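Please review the structure below. The report covers a ligand site, a sheet and a chain contact.

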Amino acid sequence: MKLETINNNIETIVKEKQALLQILLAVQDASPENYVSEDSVNEIAYSLNVSRSRVYSTASFYSAISLKPRGRHIIRVCINAPCENAGKQEILAVLEDQLGIILGQTTSDRQFTLEGVSCLGACYASPAIKIDNTLYGDVTPESVITILQEYRKEAEDVDCSAS
Amino acid sequence: MMKLVHFELNGQIVEVNQGLSIMDAARQHGVKIPSLCHHPDQRVKANCRVCVVEVEGQRNLVSSCSTPVTEGMKVRTNSPRIRETVQTILELIFANHPQECLTCVRNGNCELRHLAADYGIREVKGEMTCANAPLDISTPSLVRNPNKCIKCGRCAEVCHHVQQTGILYSHYRSVDVSVEPEYGKSLAEVACVLCGQCASVCPVGAIHERDDIKKVWAALDDPEKHVVVQVAPAVRVSIAEEFGSAPGTIATGKLVAALRKLGFDRVFDTDFSADVTIMEEGHELLHRIKTGGVLPMITSCSPGWIKYIEHNFPDQLPHLSTAKSPQQMFGALAKTYYAKRAGIQAENMYVVSIMPCTAKKFECQRPEMKDSGFQDVDAVLTTRELGRILKQAGVDFSVLSEEEFDAPMGISTGAAAIFGATGGVMEAALRTVYEVVTGKELPNIEFTPVRGMEGIKEAEIDLSGTKVKVAAAHGLGNAKQVMELIKAGQADYTFVEIMACPGGCIGGGGQPYGTTNAVRKQRIEKCNGWAKDVRNFLHYVFNYSKL
Ligand code: SF4
Ligand code: SF4
Ligand code: SF4
Ligand code: FES
């Protein structure tokens with residue numbers, strides 16, 4: 001095969017991959033459990049006329065996509081060196097204690113998932129955590145508890161108005 | 001005309017066609033650059049990096065499989081820096097790889113092992129981090145050993161782009177990369193058709209046929225058992241490759257002799273039952289044409305294709321011919337017709353087939369394949385396994401003299417001899433139809449490739465005034481295109497042949513390693529030449545017997 005054709009192929013693949021990522025993100029956002037289920041993988045494959053393994057490949061490649069059910073809010077804790085030095089261990093301990101779960105797990109009320117990520121792009125404000133799309137820099141054990149309470153309260157309000 | 005470019009290869013100016021990769025250009029000038037992820041029939045993947053070279057003016061080493069040669073380029077393929085880099089890459093792979101060469105199914109033909117030998121690797125530095133994941137033994141055809149996988153992506157490429165079955169693909173990232181079905185499922189849990197094309201292109205022992213040699217030895221060693229063997233047409237054009245002959249060497253007589261040496265009680269020919277398949281398919285086609293049955297009728301010899309249509313086009317099953325494949329016809333006839341003739345109880349018979357195909361292992365244990373009251377075909381060995389069992393038995397293929405198949409199931413008209421190559425089954429069946437309808441011999445069929453669809457060819461035949469359009473497709477990616485036309489009602493074919501593997505059975509997933517498209521072509525050429533001889537011979541016999 002000509003290299004020109006090969007390069008065109010690679011370009012198409014990259015474009016397709018990006019399109020697929022957008023679809024996966026949208027599906028994940030629409031999911032109450034904040035993830036892409038196996039049924040969704042199969043449906044996306046069917047409607048795009050690509051194989052299930054292609055869809056799974058892209059989904060498993062990007063850390064932004066979860067293939068396991070998660071809580072309504074994703075709490076991301078940086079596990080890189082700068083945060084480590086700035087007292088990440090302590091923050092993580094408070095989070096784990098408050099939520100009653102360890103890194104990688106989801107609370108039984110499906111409100112929170114605790115994830116470790118490498119770098120939140122906020123080393124200047126370490127230790128930092130991110131809840132969904134909001135960044136909280138220079139957190140302390142105390143401020144973390146206050147932040148969590150806000151999310152809890154909001155969750156209760158939502159649940160009350162729903163019932 | 002092809003444009004030429006000149007470049008400097010290790011200090012010498014050489015000339016090559018424009019558009020070639022550094023790897024291919026160097027090879028044309030006697031320099032073999034190591035490769036692992038590269039496969040001549042596949043798109044460039046450039047993920048293994050063992051093919052790196054130095055290009056003057058570029059700071060980093062470049063992968064030669066993915067970099068085209070340009071005018072005036074200065075390339076080094078051998079320098080301390082390159083040697084050190086390749087050595088490190090290989091050591092990293094080995095540190096992650098079970099050191100099981102002595103007991104590995106690929107011992108002798110493993111590309112990684114060859115590379116280690118060529119590169120003179122004598123120690124593996126660094127910590128061994130080899131995974132110990134369970135093997136996938138969920139199917140009767142294939143074994144997947146994820147621990148030996150070097151993540152080259154060759155299987156995924158053939159599965160997605162040639163077969164378009166879309167089973168194997170690469171998942172996760174960096175050190176976690178795995179090449180497998182989604183969600184780590186086993187091959188039995190997904191729509192894998194067991195064609196074995198993945199095994200055929202895998203450079204190492206990470207995916208291979210299930211080895212049934214022990215089963216066959218057990219039967220041969222059992223004095224109570226009458227063990228017969230059948231050999232598929234496509235095996236005789238490939239088995240000699242296992243013993244170092246050039247691709248396409250026809251070795252029918254030696255093959256028969258070798259099988260006798262193994263101790264089979266009778267050595268039979270699948271051509272015998274292929275004739276039966278042809279008669280059945282031919283008459284079924286005629287019947288469908290006359291009675292307004294479901295058309296196009298599609299051939300049913302290829303078990304990978306059958307599994308494919310079952311998974312992907314279940315509503316199109318009525319198009320399939322109801323005829324069994326030659327392997328299964330043989331099994332049923334062996335345990336009924338032959339057993340009775342030979343005065344042997346069917347339960348004391350053991351039927352082995354030698355096939356170019358991994359899907360045949362699946363076909364023989366399908367629950368409906370028990371016409372004799374027993375499993376009609378007991379064990380299937382691929383061409384590769386036959387090579388191994390012969391070596392185990394110390395049979396020296398090269399010095400054997402030619403022998404003939406046994407009667408009665410070793411006799412065939414020869415019409416089936418062309419079964420192995422794409423288009424062969426259809427041509428053979430049409431011959432029957434044509435002769436029944438017109439009383440004359442079918443003139444040579446002129447196939448033309450379908451526009452825009454490489455791998456699909458069609459032809460028109462005049463059956464005493466009725467025009468019959470036929471098509472043949474090989475490789476499941478091509479089959480898919482034909483099926484979509486049929487499903488949409490846009491195909492005006494009467495008869496369609498579909499073979500799961502590229503090139504037909506001669507390119508099957510159980511054929512000797514190194515089955516590239518170039519090798520397929522060589523085997524087909526030999527098949528065709530040979531079939532022509534057979535046809536001429538038959539014609540001669542036919543006319544002679546009328547005298
Ligand atoms: S796959 Fe190759 S390198 Fe790996 S154990 Fe087998 S023979 Fe050795
Ligand atoms: S056997 Fe065929 S369908 Fe199955 S994984 Fe291999 S190439 Fe794909
Ligand atoms: S199974 Fe074989 S062909 Fe597939 S990625 Fe692994 S090593 Fe490569
Ligand atoms: S052969 Fe070139 S990168 Fe693998």
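## Ligand site

A residue is near a molecule if one of its heavy atoms lies within 4 Å of it. The model is predicted. On that cut-off, ligand 2 is surrounded by residues of chain B: B:L142, B:C159, B:T165, B:I167, B:L168, B:C192, B:V193, B:L194, B:C195, B:G196 and B:C198.

What classes make up this shell around ligand 2? Nine residues are nonpolar and two are polar. No charged residue is in the shell around ligand 2.

## Sheet in chain B

Chain B has an open sheet of four strands, ordered 11-10-13-14, with parallel pairing. Strand 11 (266-269) and strand 14 (379-382) of chain B are the edge strands; each pairs on one side only. From one strand to the next, the twist averages 25°.

Strand 13 (residues 349-355) of chain B runs parallel to strand 14 of chain B, and four bridges join them. Among the residues involved, B:V352 has B:A379 in strand 14 of chain B as its bridge partner. Helix 6 (residues 213-221) of chain B packs on the sheet. Helix 6 touches strand 10 (226-231), strand 13 and strand 14 of chain B. The direction of helix 6 makes about 125° with that of strand 14 of chain B.

## Contact between chains

Chain B gives 22 residues to the contact, and chain A gives 22 residues. About 1,800 Å² is buried between chain B and chain A. Carbon and sulfur atoms account for 57% of that area.

How many salt bridges are there between chain B and chain A? The count is one. The side chains of A:E38 and B:K185 meet in a salt bridge, at 2.5 Å from N to O.

Note on methods. Residues numbered from 1 in each chain as written. Chains lettered and ligands numbered in written order. Predicted model: local features only at pLDDT ≥ 70, side-chain atom pairs only at ≥ 80, totals over all residues. Heavy atoms only, no water. Nonpolar A, V, L, I, M, F, W, Y, C, P; charged D, E, K, R; others polar. Pairing = 2+ DSSP bridges. Helix = DSSP H or I, 4+ residues; strand = E, 2+ residues; numbered from the N terminus. Axes fitted to C-alpha atoms, helices over the stretch in contact; angles between N-to-C directions. Contact = heavy atoms within 4.5 Å. Buried area = accessible area lost by both parts, 1.4 Å probe. Salt bridge = Lys/Arg side-chain N within 4 Å of Asp/Glu carboxyl O.
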